[in-house]
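Hello,

Here is the structure we spoke about handing over. My notes on what was found in it follow below.

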Amino acid sequence: MKKYNVAIVGATGMVGRKFLQVLEERQLPVNNYYLFASARSAGKKVSFMDKEYTIEELTETCFDGKDIDIALFSAGGGTSKKFAPFAVKAGALVIDNSSAWRMDKDVPLVVPEVNPQDIKWHSGIIANPNCSTIQAVVALKPLYDKYGIKRVIYSTYQAVSGAGMSGYSDLENGISGDAPKKFPYPIFGNCLPQIDVFDEDGYTKEELKMIQETQKILGDDNLRITATTVRVPVFHGHSESINVELKNEYDLVELRQALSDFPGLIVKDEVKLGESTGIYPMPIDIAGEDEVYVGRIRRDRSVENGVNLWVVADNIRKGAATNTVQIAQTWIAMQEK
């Protein structure tokens with residue numbers, strides 16, 4: 001098997017560091033790694049894969065002459081817009097974790113369990129979806145394929161780590177009563193029904209991402225979706241209540257089985273009549289996991305062919321680093337065929 005040269009852009013950030021961890025765990029066929037970050041981090045030493053690497057400054061020419069096959073980007077949208085084309089020009093496939101390229105019609109938006117075939121039509125850049133979208137579509141895909149979907153209602157409960165280190169710090173410092181620096185209001189002991197900025201219709205950018213990205217990944221622009229995204233005082237792990245109106249009738253036992261059989265999706269759903277404790281996925285239990293978990297699976301009797309799902313995943317792993325590395329793994333497997 002061929003060995004590849006891989007670059008990590010934004011290697012010192014929260015997701016960048018998780019890239020390194022996931023890459024070490026998964027042992028891709030890699031010959032050389034190159035680690036890039038801003039000038040502020042350049043020169044720092046990082047221990048990775050039993051070696052010490054020196055962080056290089058991200059510049060317009062830093063990819064030249066290195067024969068880089070894959071460049072994993074997680075350095076923000078503006079950085080990606082500026083530097084990803086230079087990586088592509090130098091011959092690399094860019095897999096980008098920012099929002100910069102997601103809705104570009106010429107860039108595939110990929111969750112490997114859901115739409116791996118879209119990797120084939122890239123033109124140098126593949127986009128990694130929003131963290132909240134990734135876990136949602138893993139749960140929706142088996143239902144979409146088996147029953148068809150008419151409408152989706154998303155209600156999310158998103159961890160502060162989704163806002164980066166500054167969001168994480170706001171919760172940590174808020175416990176001591178410090179004023180927030182990242183969020184508009186305190187997050188400790190609070191819920192913020194706003195993630196990102198508002199548009200003219202009152203939706204936030206995060207909500208629009210979930211709507212538009214779901215349609216793109218499932219390849220269905222007519223799919224009706226609405227969303228309310230909420231930041232909650234949890235460090236790691238996004239939770240989502242997803243209400244789905246299916247196009248066709250379903251048997252609940254068969255629907256559960258369809259979810260159980262889907263790759264990367266784990267059903268954790270045991271509740272008994274009259275009992276005060278049930279078994280269902282929670283953020284506290286899934287930290288460090290790569291799979292998407294689903295529970296509280298039940299019929300919605302307020303609408304024909306309706307079903308409710310509770311979906312939980314580690315937003316830094318499956319919602320960012322793991323999904324990006326999985327795209328790279330899938331692309332490598334395609335090269336070997």
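**Notes on the predicted model**

In this model, strand S13 (residues 292–300) and strand S14 (residues 306–313) run antiparallel and are joined by 6 bridges. Please keep in mind that the model is predicted. Across this pair, Arg298 has Asn308 in S14 as its bridge partner. The hairpin that S13 and S14 make has 5 residues between the strands, and Asn305 takes a positive phi there, near 60°.

S13 also pairs with strand S12 (residues 265–267), this time in parallel, through 3 bridges. Here Val267 has Val294 in S13 as its bridge partner. S14 in turn is joined to strand S11 (residues 238–246) by 8 bridges, and that pairing is antiparallel. Val244 is found opposite Val307 in S14.

These strands belong to an open sheet of 6 strands in the order S10-S9-S11-S14-S13-S12, and its pairing is mixed. Its edge strands are S10 (224–231) and S12, each of which pairs on one side only. On average, neighbouring strands of this sheet are turned by 25° against each other, direction ignored. Helix H5 (residues 205–218) lies across S9 (149–158), S10 and S11, and runs at about 140° to S10.

**The parallel sheet**

A further open sheet has 6 strands in the order S5-S2-S1-S6-S7-S8, with parallel pairing. At its edges are S5 (56–57) and S8 (125–127), each pairing on one side only. Within the sheet, S6 (residues 70–73) and S7 (residues 93–96) run parallel and are joined by 4 bridges. Ile70 stands opposite Leu93 in S7.

Two helices that lie across strands of this sheet are worth noting. Helix H1 (residues 14–26) lies across S1 (4–9), S2 (30–37) and S6, at about 150° to S1. Helix H2 (residues 77–89) lies across S6, S7 and S8, at about 170° to S6.

**Helix H1**

H1 has 13 residues and spans 19 Å from its first C-alpha to its last, close to the 18 Å expected at 1.5 Å a residue. Its buried residues are Met14, Val15, Gly16, Phe19, Leu20, Val22 and Leu23. What covers these buried residues? The cover includes S1, S2, strand S3 (45–48), S6, helix H4 (164–174) and helix H8 (317–336). After H1 comes Gln27, which has a positive phi near 50°.

**Strands S3 and S4**

S3 is part of that cover, and S3 is also joined to strand S4 (residues 51–54) by 4 bridges, the two running antiparallel. Val46 has Tyr53 in S4 as its bridge partner. The hairpin of S3 and S4 has 2 residues between the strands, and Met49 takes a positive phi near 55° in it.

In a regular strand, side chains alternate between the two faces of the sheet.

**Helices H3 and H8**

H8 also meets helix H3 (residues 131–147): the axes come within 8 Å and cross at roughly 85°. That makes H3 roughly perpendicular to H8. On the H3 side, the residues that meet H8 are Cys131, Ile134 and Val138, and their counterparts in H8 are Lys318, Gly319 and Asn323.

**Gly264**

Gly264 sits in the loop between helix H6 (252–261) and S12. Is Gly264 partly exposed or buried? Gly264 counts as partly exposed because its relative accessibility is 27%, and buried would mean under 20%. Leaving aside neighbours within four places in sequence, Gly264 contacts Glu113, Val138, Glu291 and Val292. Of these contacts, Val138 is 126 residues away along the chain, yet its C-alpha atom is separated from that of Gly264 by 7.5 Å.

**Cysteines**

How many disulfides are there in the whole structure? A search of the whole structure finds 0. Take Cys191: the closest cysteine sulfur is in Cys131, 17 Å away, and so too far for a bond, since a disulfide needs the two sulfur atoms within 2.5 Å. Cys191 is partly exposed, at 46% relative accessible area, whereas Cys62 is buried, at 6%.

Regards

Technical notes:
Residues numbered from 1 in each chain as written. Predicted model: local features only at pLDDT ≥ 70, side-chain atom pairs only at ≥ 80, totals over all residues. Heavy atoms only, no water. Pairing = 2+ DSSP bridges. Contact = heavy atoms within 4.5 Å. Axes fitted to C-alpha atoms, helices over the stretch in contact; angles between N-to-C directions. Buried < 20%, exposed > 50% of the residue type's maximum accessible area, 1.4 Å probe, protein only. Expected span 1.5 Å × (residues − 1). Parallel < 35°, antiparallel > 145°, perpendicular 65-115°, else oblique.
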